[in-house]
Amino acid sequence: MVVEKNNKVEDYKFKKGNLNFAVVGHVEWINFLKVDQLPKPGVISHSEKSLEYPAGGGSIIAKILSDLTLNQIHFFTSLGNDDYGDKCFKILSNMGIKLHVAWRDKPTRRGFSLIDSQGERAITVIGERLAPTHKDNLEWNILKKMDGIFITASDSEIFKMARSASILCTTPRVGLNTINNSNVLLDGLIGSNLDPGEVFSFSELSLKPKYTIKTEGEKGGIIFPGGRYKALKNKKLKVDSYGCGDSFAAGILYGMASKWDIDKSLNLAKVMGRDASEFFGPYANSDAVSYTHLRAHETSLHLVCRLLLE
């Protein structure tokens, strides 16, 4: 793993934690297409590579947290009762994530993510974003046992239940009305300052979160309180920016739940966000790359999560 210290980048070992996490949010079945250029009116572009996977903010954060802790991640979500929903359930379950699903008689949301030669992506989604509600007959009592919870899609009542966790973070894409109606104090509100769907002002919030982070991609971002921060430079060629913000958010949650100070948490988040741009698709192993491996002298009891530094 890499951290910034005195403007230098240093390597250090990161042992998987023994923390309990839950994610409440959405899933989207995404077709990832590597194209020679993003579509322009009247121009035919060509796809050089394609990959289909369950993705979306909830899935990404659940998978990243699963890579960081020894304990199974609980993912509360909603899926359509269709083939795409079934495939999402099977693939995410095979990743070791424990899914708690509110099945709907609606189509599972689908979409396309087009990635150009510079690693920039453009996303088009199809259909309604399905989200769990407090009325769904799911094992909500599990939330009381969590060290950290991240919410990407839910209703206000779920926020109230999730506040029992030591650390609660979310994204403005959940909806400011949903956040405000919960009247819950957040430990972290994390969103893109470049995405109109996530831009907001503090005057729109009824309660100011402990930390608010507005990301700006390769330019870094702004943390309140704290000020501007810089992003880490890529170690490898930037391949695909999909999921960088969600990976960053997972790092913040993990650090805060570990009782790290905000600077150390931010360092982990920057590594996660940076490394997410260095492979194609939503997950490292979806493109024949793995986040983790054991060195010769290590055992499963001393597993070191090594975020791709080569």
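Predicted model: local features only at pLDDT ≥ 70, side-chain atom pairs only at ≥ 80, totals over all residues.
## The chain as a whole

The protein chain has 310 residues, and buried residues make up 55% of them. Six helices and 15 strands run through the chain.

Contacts tell us about the fold. Take the contacts between residues at least 6 apart in sequence: 59% of them join residues at least 24 apart. The accessible surface of the chain comes to about 14,400 Å². Carbon and sulfur atoms own 49% of that surface.

## The largest pocket

The largest pocket has a volume of about 1,300 Å³. Its lining counts 46 residues. Nearest the centre of this pocket lie Arg121, Ser192, Ser241, Cys244 and Gly245.

Which element gives the most to this lining? Helix α5 does, with five residues. Other elements join in. At least two lining residues come from each of β4 (28–35), α1, β9 (121–126), β12 (188–192), α5 (244–257) and α6 (262–275). By class, the lining of the largest pocket has 15 nonpolar, 16 polar and 15 charged residues.

## Two cavities

The structure also holds two cavities of 30 Å³ or more. The largest cavity has a volume of about 50 Å³. Its lining is made of Ile179, Asn180, Asn183, Val184, Leu186, Ser206, Leu207 and Pro209. Five of these lining residues are nonpolar, three are polar and none is charged.

The second largest cavity holds about 40 Å³ of space. Twelve residues line it, and Ile60, Ile64, Ser247, Phe279 and Pro282 lie nearest its centre. Helix α1 (residues 57–68) gives the most to this lining, with three residues. By class, the lining of the second largest cavity splits into nine nonpolar, two polar and one charged.

## Isoleucine 60

Isoleucine 60 is one of the residues nearest the centre of the second largest cavity. It sits in helix α1. Is isoleucine 60 buried or exposed? Its relative accessibility is 1%, so isoleucine 60 counts as buried. The cut-off for buried is under 20% relative accessible area.

Now look at the neighbours of isoleucine 60. Set aside those within four places in sequence. Isoleucine 60 is then in contact with Tyr242, Gly243, Asp246, Ser247, Pro282 and Tyr283. Proline 282 is 222 residues away from isoleucine 60 in sequence. In space, their C-alpha atoms are 6.9 Å apart.

## Aromatic pairs

The structure holds ten aromatic pairs. One of them joins phenylalanine 21 and tyrosine 254, with 5.8 Å centre to centre and 35° between the planes. This pair is tilted. The two residues come from distant parts of the chain: phenylalanine 21 is in strand β3 (residues 21–24), tyrosine 254 is in helix α5, and they are 233 residues apart. Phenylalanine 21 has a relative accessible area of 0%, so it is buried. Tyrosine 254 has a relative accessible area of 3%, so it is buried.

Another pair is formed by tyrosine 53 and tyrosine 283. Why is this pair edge-to-face? The ring centres are 5.6 Å apart and the planes stand at 65°, so the pair is edge-to-face. An angle over 60 degrees is the cut-off for that label. This pair also links distant parts of the chain. Tyrosine 53 is in strand β5 (residues 47–55), tyrosine 283 is in the segment after α6, and 230 residues separate them. Tyrosine 53 is buried, with a relative accessible area of 18%. Tyrosine 283 is buried, with a relative accessible area of 3%.

Rings can also form a cluster. Ring pairs link Phe21, Tyr254 and Trp260 into one.

## Aspartate 263

Aspartate 263 lies in helix α6. Is aspartate 263 buried or exposed? Its relative accessible area is 54%, so aspartate 263 is exposed. The cut-off for exposed is over 50%.

How far apart are the C-alpha atoms of aspartate 263 and tyrosine 229? They are separated by 9.9 Å. Along the chain, aspartate 263 and tyrosine 229 are 34 residues apart.

Technical notes:
Residues numbered from 1 in each chain as written. Heavy atoms only, no water. 1 Å grid on protein atoms, 1.4 Å probe; cavity = no way out; pocket = protein on both sides within 12 Å on 5 of 7 lines; lining within 4 Å. Points joined across faces, edges and corners; volume = space filled by probe spheres on them. Nonpolar A, V, L, I, M, F, W, Y, C, P; charged D, E, K, R; others polar. Helix = DSSP H or I, 4+ residues; strand = E, 2+ residues; numbered from the N terminus. Buried < 20%, exposed > 50% of the residue type's maximum accessible area, 1.4 Å probe, protein only. Contact = heavy atoms within 4.5 Å. Areas by Shrake-Rupley, 256 points an atom, 1.4 Å probe, with all protein chains shown as cover. Phe/Tyr/Trp six-rings, centres within 6.5 Å; stacked < 30°, edge-to-face > 60°.
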